Structures are given as structure tokens and as C-alpha cells.
Amino acid sequence: MTGAKRKKKNAIWRKIHTLRYEDFKLWCVRRLPVLEWVPNYNWKADLLPDAISGMMLAVQQVTQGLAFAVLSSVHPVFGLYGSLFPAIIYAIFGMGHHVATGTFALTSLISANAVERLVPPMSSNFTTDNNSTVLGLSEFEMQRIGVAAAVSLLGGLIQVGIP
């Protein structure tokens, strides 16, 4: 091994060995903001108001999720998933205090346009021909959900700027 390669290898090993607990903690806090605010949370004063506002948000998100799922031409239960998981994920990874997460009418209409075009409607009944074992949904409904999920994923990637 030549001297230049040995020096480069030693420099890399020194950086790895000088990794400190504080650096790792700072790296984690930057990526998971929940680690920053949970230790400073005032449980006595803030838990009751936060629980009440969480229940009010849940009531609003259930009805909105069901409505936007029907608007998107998919089974209503997937509207509940689309309302619940973004709020939980944002509580862990989110950085802003006043950001609204959840379903939006415009993205639901865009997704419905693609779903209706790629998987034309057979019937207006959501549970006809149950021949699938996944959540008791038919193959027709599973195709619609797949198209809606793909459109939503691509729309999200475009919004965050991933090429």
C-alpha cells in the first residue's frame, strides 16, 4: 500500500473513531423532531387540551377521509387510512407547528380522474363480486386502489421535488 492511500485510509478511520455520542444525538434530533419536543413537553398542563384537540381532529378527519375516498373512486376504508397515517407520521417527522396534513379535494379529484380512466366502473356497489381475500375487497376494487396509490405517490414525489 502506498503512503497516500495509507494516509487517506487513516483519515477515514480517524473520522469514524472520533464520532461522539453528541454528534449522533444531534443527527437523530435533526431527523426526528419528536426527540426534541417530548423531553420538554409539559404533561400536566398540555395533555388534556392536546387530547381534546386530537379527538376533535379525529372526528373531522374520519368524515373528511370517508368523503374524499368516495370522491377518489376508491373504497371508503382507504380514506380512513389516508387520514390517519399522515397525521401520525407528521407528529414524528414533522417540523412545523401549524401545518395541516391529511386529504385534499384537489388531489382526490386528480386521482379519481386517473382511476376512472384506467379502471372503468363496473357498478356503483363497492362490495360486488367479493372474490379477493384482501380486506374482503374485489379484484376490481384492488385495481382501483393500486391506481390511486400510484397516482398519489407520483404526485407526492413531484411536490417534494424528487426527479
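Modeller: A residue is called buried here when its relative accessible area is under 20%, exposed when that value is over 50%, and partly exposed in between, with a 1.4 Å probe and only the protein chains taken into account. By that rule, 20% of the 163 residues of the chain are buried. The model is a predicted one, in which local features need pLDDT of at least 70 and side-chain atom pairs count only at pLDDT 80 or more, whereas totals for chains, interfaces and linings use all residues. Residue numbers start from 1 along each chain as its sequence is written, and side-chain values rest on heavy atoms, with hydrogens and water left out.

For context, the chain holds seven helices and zero strands, where helices (H or I, at least four residues) and strands (E, at least two) are DSSP runs numbered from the N terminus. Its accessible surface, from the Shrake-Rupley method with a 1.4 Å probe and, for residues, only the protein chains shown as cover, comes to about 12,400 Å², and carbon and sulfur atoms supply 69% of that. A contact means heavy atoms within 4.5 Å, and of the contacts with a separation of 6 or more, 56% join residues 24 or more positions apart.

The part I would look at closely is the packing around Arg144. This residue sits in helix H7 and counts as buried because its relative accessible area is 8%. Its side chain meets that of Glu116 in a salt bridge, with 3.2 Å from N to O; the term requires a side-chain nitrogen of Lys or Arg within 4 Å of a carboxyl oxygen of Asp or Glu, and by this rule the count comes to one. Since Arg144 belongs to helix H7 and Glu116 to helix H6, the pair ties together parts that are 28 residues apart in sequence. Leaving aside neighbours within four places in sequence, Arg144 is in contact with Ser73, Val74, Val115, Glu116, Val119, Pro120 and Pro121.

Tyr81, Leu84, Phe85, Ile88, Ile89, Ile92 and Phe93 form a nonpolar surface patch with about 640 Å² of accessible area together; patches take residues with over 30% relative accessible area and no salt bridge, joining like charges within 9 Å and nonpolar side chains (Val, Leu, Ile, Met, Phe, Trp, Tyr) within 5 Å. Ile92, one of these, counts as partly exposed because its relative accessibility is 34%. Ser83, also found in helix H5, is instead buried because its relative accessible area is 6%, and it touches Gln61, Gly65 and Thr103, not counting residues up to four places away in sequence. The C-alpha atoms of Ser83 and Thr63, 20 residues apart along the chain, are separated by 9.5 Å.

Elsewhere, the structure holds five aromatic pairs, and one of them, Tyr41 with Trp43, is edge-to-face at 4.8 Å centre to centre and 75 degrees between the planes. Rings of Phe, Tyr and Trp (its six-membered ring) pair if their centres lie within 6.5 Å, and planes under 30 degrees apart count as stacked, over 60 as edge-to-face and the rest as tilted. Here Tyr41 is buried at 17% relative accessibility, whereas Trp43 is exposed at 52%, and ring pairs link Trp37, Tyr41 and Trp43 into a cluster.
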